Amino acid sequence: MEKSSSSLKSYSNSEKILTIEDVRETLIPSLLDRLSEAKHYLSETHADNNEAGKISTEIEKLRKDLIFIKQVFTGLDTFEKITSDLFKVLLLPEHSLDQLLEPPVTQTRYHESLEKQFKPKLGLLSEVIIKLKLLLPSPLKLLLDRSNPFLLSSIHLGAGNRLNQLLGLHASEVFSNSQAFKEFQNVYNSLGTVTTKLCLLCLAVFPANEILKKRRLVHWWVGEGILYPPVDGEKTVEEIADGIFEELTTKGCIEPIRKKRRSDLHSFKLHPLIRSAVIRMSKEVGFLHFDDKGRPTTEFSRSYGSYRACLVSGRPHLELVTKTDMELEKLQTIFNVNKSYPNFSKVEWSRLKNVKVLYLGRWHSRAKHHIEVVDIDFLKGLMFMKRLRFLSLRGISGIMELPDSLCKLVCMEILDLGACHNLEVLPEKISSLKKLTHLDMHVRVLLAGSIPARSPTLRRGATMATRPEHFKVLEKIDLQCYPHMKAPSWLAPGKLENLKKLYVRGGQLQSLGQVQESEKWTVDMLRLKFLSELKLDWNELQAAFPKLNYVEKFRCPKTTFFPCNENGVWLKTEN
């Protein structure tokens with residue numbers, strides 16, 4: 001103990017730059033000794049303490065990281081200045097483990113919990129180790145190589161996912177000069193199209209390791225005009241988006257999250273290192289503005305080079321008083337990242353004529369995240385946003401109805417009203433939104449008017465007073481929590497002539513509607529979930545749905561003879 005302690009102390013007051021050899025041959029072995037002594041100390045003095053066991057596990061992970069760094073540093077003679085600065089921080093007396101390893105009777109902080117004593121020091125060591133990893137050759141390659149478990153283990157994030165807490169990593173000199181960022185730049189430059197690059201930059205808005213839904217990202221891209229179907233019509237927007245997600249996955253930019261019962265990809269997340277790199281690229285090209293902690297801001301102007309504003313908890317509300325008309329004319333997107341009580345009292349909506357995306361609702365699936373607008377009268381001001389294509393009010397509490405003025409948004413393509421549990425009535429003239437293609441709403445909503453004649457998608461059940469003729473062009477219906485046993489009159493193949501996808505989840509339905517002998521469903525994808533009362537035989541289903549290519553069934557106990565696999569899926573190609 002005395003030898004390793006003296007080795008560290010001999011460098012603590014030195015003014016010379018620590019060499020790689022000093023770090024490799026003296027400092028790392030001394031730190032390893034101190035960590036071993038800390039583990040021994042915990043096992044001897046706190047053997048029955050669960051908290052001590054957790055700390056010992058974290059210490060062992062840090063030891064393995066230091067051993068790995070020592071091995072890589074063999075023969076490495078560069079980056080001495082940065083490495084010196086990082087280790088000199090560790091050598092400061094206030095960051096030393098020495099005081100904690102003194103006999104209990106001489107410890108001045110013995111009355112404090114073990115976590116409070118050890119966590120700050122181990123936390124700092126963890127941060128330094130993460131930055132040291134960025135100096136190693138091609139750490140991003142190690143991060144992305146899922147086939148090599150040893151290399152992957154070298155990117156251990158530490159207790160409590162410490163890397164998530166390094167909010168300013170993107171702005172550090174260590175990161176900008178690291179091989180990791182250079183590798184990411186190469187990956188970014190290799191992306192096939194400008195569209196794919198812009199789609200990736202959008203992801204910097206979201207916190208690292210958050211589960212992101214593909215569909216909501218696609219809505220943003222379509223609304224802003226980043227993504228649009230080709231003129232020749234050979235591919236749909238969804239197919240183009242699938243290609244983008246596939247490339248981003250293949251090149252390690254995103255991590256897919258796959259579900260057992262789903263063959264396709266619907267969710268993914270962003271690794272903290274990747275997010276730091278995307279933030280830096282986003283700032284460099286002027287796509288978004290971030291503060292020094294890596295949080296997107298409401299700031300947008302020519303000086304920042306960004307014309308997208310983000311609402312973030314703990315940051316100022318959106319204010320436009322200081323903005324010029326020219327700056328406001330270029331504002332394209334307003335995105336609510338995590339602000340629970342957005343306040344628009346100082347927003348002059350009449351000056352936001354060119355905004356294309358207004359995403360005020362929640363983008364994740366956590367129902368506990370509460371969003372409530374201080375004054376819902378702001379909805380009346382949206383009438384001035386003539387170029388608005390995508391409006392999301394998902395999960396916002398307190399909205400009972402939408403004003404008629406909303407029907408003046410002639411460019412509206414996507415209206416997301418999902419999880420707006422207080423919303424009961426849509427405007428009578430909703431059908432005047434001729435360009436509306438996606439309407440996502442809760443089952444309680446009453447359609448006082450009608451669905452636009454062009455609308456090919458209706459989600460979460462139009463179960464109320466809507467004229468049947470407006471359903472003929474629908475291509476997709478997602479009906480959730482339908483409260484009646486008898487299917488609605490419009491749920492029939494003769495009234496849904498172009499329907500391709502039918503999702504029914506939850507509720508009391510006993511059948512999928514009445515099918516006449518002369519009528520057959522055109523549906524090729526059917527999902528049935530949590531339907532405890534649904535009585536349906538496989539032969540009956542095939543007779544009524546002759547064009548099925550995909551069937552998914554989960555917790556429908558009264559359905560019989562469905563030849564689904566262990567994940568509840570039937571594919572025509574498999575049969």
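Colleague: Which residue stands opposite Phe 268 in strand 3?
Modeller: This is a predicted model, and in it strand 2 and strand 3 pair in the antiparallel sense over three bridges. In that pairing, the residue standing opposite Phe 268 of strand 3 is Pro 256.

Colleague: Which strands stand at the edges, each with a single partner strand?
Modeller: The sheet is open and has three strands, in the order 1-3-2 and with antiparallel pairing. A strand at the edge has a single partner, so one side of it is left without a neighbour in the sheet, and this holds for strand 1 and strand 2 (255-257).

Colleague: What kind of pair do the rings of Phe 245 and Phe 268 make?
Modeller: The structure holds 16 aromatic pairs. In this one the ring centres of Phe 245 and Phe 268 are 5.3 Å apart and their planes stand at 50°. Planes under 30 degrees apart would count as stacked and those over 60 as edge-to-face, so the pair of Phe 245 and Phe 268 is tilted.

Colleague: How many residues apart are Phe 245 and Phe 268 in the chain?
Modeller: Phe 245 belongs to helix 12 (residues 237-250), whereas Phe 268 belongs to strand 3 (residues 267-269). The pair therefore links distant parts of the chain, and the separation is 23 residues.

Colleague: Is Phe 268 buried or exposed?
Modeller: A residue counts as buried when its relative accessible area is under 20%. Phe 268 has a relative accessibility of 1%, so Phe 268 is buried.

Colleague: What kind of pair do the rings of Phe 530 and Phe 554 make?
Modeller: The centres of these two rings, of Phe 530 and Phe 554, are 5.4 Å apart, and their planes stand at 90°. An angle over 60 degrees is what the class requires, so the pair of Phe 530 and Phe 554 is edge-to-face.

Colleague: Where does Phe 554 lie?
Modeller: Its partner Phe 530 lies in the loop between strand 17 (525-529) and strand 18 (536-537), and at 44% relative accessibility Phe 530 counts as partly exposed. The pair ties together parts that are 24 residues apart in sequence, because Phe 554 lies in strand 19 (residues 550-554).

Colleague: Which residue in strand 16 does Asp 478 stand opposite?
Modeller: Strand 15 (residues 476-482) has six of its seven residues buried, so it is largely enclosed by the rest of the structure. Strand 15 and strand 16 (residues 501-507) run parallel and are joined by six bridges. Within strand 16, the residue opposite Asp 478 is Tyr 503.

Colleague: How many residues apart are Asp 325 and Arg 351?
Modeller: The structure holds 15 salt bridges, and one of them joins the side chains of Asp 325 and Arg 351 at 3.0 Å from N to O. Asp 325 is in helix 14 (residues 325-330), while Arg 351 is in the loop between strand 5 (333-336) and strand 6 (357-359), and the two are apart by 26 residues.

Colleague: Are Arg 527 and Glu 552 buried or exposed?
Modeller: Arg 527 and Glu 552 form a salt bridge in which the closest N and O atoms are 2.7 Å apart. Arg 527 is in strand 17 and Glu 552 is in strand 19, at a separation of 25 residues. As for accessibility, both Arg 527 and Glu 552 are buried.

Colleague: Which residue meets Glu 533 in a salt bridge?
Modeller: The side chains come to 3.2 Å, N to O, and Glu 533 has as its partner Lys 558.
The two lie 25 residues apart, with Glu 533 in the loop between strand 17 and strand 18 and its partner in the loop between strand 19 and strand 20 (559-560). At 36% relative accessibility the partner counts as partly exposed, and the residue asked for is Lys 558.

Definitions and conventions. Residues are numbered from 1 along each chain as its sequence is written. This is a predicted model: local features need pLDDT of at least 70, side-chain atom pairs count only at pLDDT 80 or more; totals for chains, interfaces and linings use all residues. Side-chain values use heavy atoms; hydrogens and water are left out. Rings of Phe, Tyr and Trp (its six-membered ring) pair if their centres lie within 6.5 Å; planes under 30 degrees apart count as stacked, over 60 as edge-to-face and the rest as tilted. Helices (H or I, at least four residues) and strands (E, at least two) are DSSP runs, numbered from the N terminus. Buried means under 20% relative accessible area, exposed over 50%, partly exposed in between (1.4 Å probe, protein chains only). Two strands pair if DSSP finds at least two bridges between them. A salt bridge is a side-chain nitrogen of Lys or Arg within 4 Å of a carboxyl oxygen of Asp or Glu.
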